[in-house]
Amino acid sequence: MPVPTGTYWLIKSGDALVGGLFVMAGAEFKDVPEHWLTYVAVDDVDARLEKARAAGANTDRAPFDVPGVGRIAIVQLPGGAMMGWMTPAAA
């Protein structure tokens, strides 16, 4: 799957999509340390993000759409943990 920074590799177990990875290359990742980021499926990224902000979370990356994948936001929880939230695209 092509992405602006190169290739995004999909990880599958049989036919089930279980993960993905890509090289963090380019200016947008200049100060980002190497890491793993967990994504959690949520029913409505925008609504959940609004509630999270009210509880003290920060948005690291505002919600964006990935065609055929879903709507994603990157969130920093009040304790500092980072995670991705995704509302999967309709099948």
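Predicted model: local features only at pLDDT ≥ 70, side-chain atom pairs only at ≥ 80, totals over all residues.
The protein contains one helix and eight strands. Read from the N terminus, its elements follow the order β-β-β-β-β-α-β-β-β. Along the principal axes, the C-alpha atoms occupy a box of roughly 35 × 35 × 20 Å. The chain has 91 residues, and 16% of them are buried. Contacts across the sequence were also examined. Of the contacts between residues at least 6 apart in sequence, 29% join residues at least 24 apart.

The surface was considered next. The protein has an accessible surface of about 6,500 Å². Carbon and sulfur atoms account for 57% of that area. One nonpolar patch on the surface consists of Trp 9, Ile 11, Val 18, Leu 21, Phe 22, Val 23 and Trp 36. Together these residues have about 750 Å² of accessible area. Two strands each supply at least two residues of the patch: strand 3 (9-13) and strand 4 (16-21). Val 18, a member of the patch, is found in strand 4. Its relative accessible area is 55%. Val 18 therefore counts as exposed, because the cut-off for that class is over 50%.

Charged side chains were then counted. The protein has 7 positive and 10 negative side chains. The centres of the two sets lie 2 Å apart. Four salt bridges are present in the structure.

One of the salt bridges joins Asp 43 to Arg 48. Their closest N and O atoms are 2.9 Å apart. Asp 43 is exposed, at 57% relative accessible area. Arg 48 is partly exposed, at 36% relative accessibility.

Another salt bridge is formed by the side chains of Arg 71 and Asp 46, with an N to O distance of 2.6 Å. This pair links distant parts of the chain, as the residues are 25 apart. Arg 71 lies in strand 7 (residues 70-76), whereas Asp 46 belongs to helix 1 (residues 45-54). Both partners fall in the partly exposed class. The relative accessibility of Arg 71 is 25%, and that of Asp 46 is 35%. Neither value is under 20%, so neither residue counts as buried.

Arg 71 also meets the side chain of Asp 65 in a salt bridge, at 3.1 Å from N to O. Asp 65 is exposed, with a relative accessible area of 55%. Arg 71 takes part in the bridge to Asp 46 and in the bridge to Asp 65.

Thr 59 counts as partly exposed, at 28% relative accessibility. Leaving aside residues up to four places away in sequence, Thr 59 touches Leu 49, Arg 53 and Ile 74. Thr 59 and Arg 71 are twelve residues apart along the chain. Their C-alpha atoms are separated by 14 Å.

Key
Residues numbered from 1 in each chain as written. Heavy atoms only, no water. Buried < 20%, exposed > 50% of the residue type's maximum accessible area, 1.4 Å probe, protein only. Helix = DSSP H or I, 4+ residues; strand = E, 2+ residues; numbered from the N terminus. Contact = heavy atoms within 4.5 Å. Areas by Shrake-Rupley, 256 points an atom, 1.4 Å probe, with all protein chains shown as cover. Lys, Arg positive; Asp, Glu negative; His and termini not counted. Charge placed at Lys NZ, Arg CZ, Asp CG, Glu CD. Patch = residues over 30% accessible without salt bridge, like charges linked within 9 Å, V, L, I, M, F, W, Y side chains within 5 Å.
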